[in-house]
Amino acid sequence: MQDWMLDFAEYVRELLPEEFAEPFIALARPAIRLSIAEEGETVVGRLGGLPRLPEGVPWPCAGDGGAAMQFLAELDCAMLAAYESDIGLPAEGRLLFFATWDSAAEQVILLPPGALRVPEREVPVGGEARVFPEVPLAAQTVATWPTRGHDDLVKLGDEFWDRVVGEEPWEVFADMLAEFAEAEGGPAHQVGGYSDALQSPIEAAAAYYAAGLNPQDPGFAAEASQWVNLLQLDEDNGMIFGDGGILIFGIRRDRLAARDFSQIFPYVQGH
């Protein structure tokens, strides 16, 4: 068993009998958890600052001639290659993430290794948009798992999630699992894995909104399985996404494999 699985698997086995625990543990996916880098930690990217785009690469805007997007994050793909996840990131280059101030539109730019970048250029950000402070990011591989919000995908049912696993009748599996997740603490910046599903998982939302399928449609599950969490950003470093929400950059697996970042699905979940 991989190191990133050990604590999660041990906890689940404490709560559930083997016939329920082992199938649930098998659903776990590795993700790259991002956090503000402390002194001495390996830096794999950054939040905020200026994108430092190469000459000839325009600052992304919403639509044709719309407002400039905010620059949110940069990830160094070569550095992230040292960390396991369940999605096939590029082996090199850098990914730049942009979104409108209301997160209604997103854009991702892949810069090839060695791209000549311009440190300073005119910043076309104004109005509701802003430039955020630049902070470095560190990484670690963590276990992620489905929650009740993912049940459109895993179909475990209320009986599974409401199974009493503690001494008190209100200590049900779904809540105890949530407490385990909360114990990790810190903003939930994440590459790959199960994204947070406050309302609905990114896979189901993309199948519904981007592909026009309902959960009852025959092709829904197949379409949902094609979508992944390229990057999830929590509210941090001055970034606000709705009401205590998270911003997810969703992408189809085939487009990610083709290094085609032209059709990103933006998804905001709030409380």
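User: Which residues does Leu34 touch, leaving out those up to four places away in sequence?
Analyst: This is a predicted model. In it, Leu34 touches Val44, Leu75, Leu80, Leu137, Ala138, Ala139, Pro187, His189, Val191 and Leu231, not counting residues up to four places away in sequence.

User: OK. And which residues touch the most other members of the largest nonpolar core?
Analyst: Leu34 is one of them.

User: Where does the largest share come from?
Analyst: From S8, with four residues.

User: What about a second core?
Analyst: It is separate and has 24 residues, including Ala21, Phe24, Val165 and Ala174.

User: New topic: helices. At what angle do H1 and H2 pack?
Analyst: Helix H1 (residues 6-15) and helix H2 (residues 18-25) pack at about 155°. Their axes are 9 Å apart.

User: Parallel or antiparallel?
Analyst: Roughly antiparallel, because angles over 145 degrees count that way.

User: Is the crossing left-handed or right-handed?
Analyst: The crossing of H1 and H2 is right-handed.

User: Which residues meet there?
Analyst: From H1, Phe8, Ala9, Val12 and Arg13. They meet Ala21, Glu22, Phe24 and Ile25 in H2.

User: How many are nonpolar, polar or charged?
Analyst: In the contact of H1 with H2, six are nonpolar and two are charged. No polar residues take part.

Conventions:
Residues are numbered from 1 along each chain as its sequence is written. This is a predicted model: local features need pLDDT of at least 70, side-chain atom pairs count only at pLDDT 80 or more; totals for chains, interfaces and linings use all residues. Side-chain values use heavy atoms; hydrogens and water are left out. A nonpolar core is a set of buried Ala, Val, Leu, Ile, Met, Phe, Trp, Tyr and Cys residues joined through side-chain atoms within 4.5 Å. Buried means under 20% relative accessible area, exposed over 50%, partly exposed in between (1.4 Å probe, protein chains only). Helices (H or I, at least four residues) and strands (E, at least two) are DSSP runs, numbered from the N terminus. Contact means heavy atoms within 4.5 Å. Axes are lines fitted to C-alpha atoms, for helices over the stretch in contact, and angles run from 0 to 180 degrees between N-to-C directions. Angles under 35 degrees count as roughly parallel, over 145 as roughly antiparallel, 65 to 115 as roughly perpendicular and the rest as oblique. A crossing is left-handed if the near helix is turned anticlockwise from the far one by less than a right angle, and right-handed if clockwise. Ala, Val, Leu, Ile, Met, Phe, Trp, Tyr, Cys and Pro count as nonpolar, Asp, Glu, Lys and Arg as charged, and the others, Gly among them, as polar.
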